[in-house]
Amino acid sequence: VRFKKTTSAMDPSEVQKKLRAKFGSANARVGGKGVPRRKHKAQRKAATQDDKRLQSQLKKLNVNNIPAIEEVNLFKNDGNVIHFTNPKVQASIAANTYVVSGECDTKPLTDLLPGILNQLGAESLDSLKDLAKGLDLGRGKAVEDDDEVPDLVGTNFEAAAADDDVPDL
């Protein structure tokens, strides 16, 4: 390494300008005066690290794998279904925790309809009926309400009962 000898004395402010130009301003410091500058930017951890953390937390909850589940459907209020095919399902009954992992698709309920009727509960069936009525009304069809009682044609029930020749059992 060779050093250049300079015979002329430099102004201190000029020296500081040259040093700032060569090494950057004081804004690059991490800490205060006397602390070395940051060498490189910190790298973020990969997603596998997050997966390891998740698995360690699940071990603490004592989850167990549930084998042989072919599909999982999560029904949303807006009429869409989150559909998992061949997911990995883990459950902890004591912690009331279920973990479903795998690839999923968000599909409208009408796409999955024939195959998922056996998965629907009573309230889901009611909401499905409401959805079907909404779809039919949206297409311009008139839907009759089955809950309405038809108007009475005659008011004399005794005469109508006398006309019927139904034997009493």
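## Words to start with

Two strands pair if DSSP finds at least two bridges between them. With that in mind, let's look around this predicted model.

## The open sheet

Three strands make up an open sheet, and their order across it is S1-S4-S5, with antiparallel pairing. Strand S1 (64-66) and strand S5 (97-101) sit at the edges, and each has a single partner strand, so one side of each has no neighbour in the sheet. From one strand to the next, the twist averages 30°.

Take a look at how S1 meets strand S4 (residues 88-92): the two run antiparallel and are joined by three bridges. For an example of partners across this pair, find Asn65, whose bridge partner in S4 is Gln90.

## The hairpin

Now turn to strand S2 (residues 71-75) and strand S3 (residues 80-85), which pair in the antiparallel sense over five bridges. Together, S2 and S3 form a hairpin, with four residues between them. In the turn you can find Gly79, which has a positive phi of about 95°. Within the pair, Val72 stands opposite Phe84 in S3.

## A closer look at His83

Is His83 buried or exposed? Its relative accessible area is 8%, and buried means under 20%, so His83 counts as buried.

The side chain of His83 is joined to that of Asn73 by a polar contact of 2.5 Å. Leaving aside neighbours within four places in sequence, His83 is in contact with Glu71, Val72 and Asn73, and also with Glu103, Cys104, Asp105, Lys107 and Leu112.

## A closer look at Ile69

For another stop, go to the loop between S1 and S2, where you will find Ile69. With a relative accessible area of 27%, Ile69 is partly exposed.

Methods: Residues numbered from 1 in each chain as written. Predicted model: local features only at pLDDT ≥ 70, side-chain atom pairs only at ≥ 80, totals over all residues. Heavy atoms only, no water. Axes fitted to C-alpha atoms, helices over the stretch in contact; angles between N-to-C directions. Buried < 20%, exposed > 50% of the residue type's maximum accessible area, 1.4 Å probe, protein only. Polar contact = N/O pair within 3.5 Å; in protein donor to acceptor, adjacent residues only side chain to side chain. Contact = heavy atoms within 4.5 Å.
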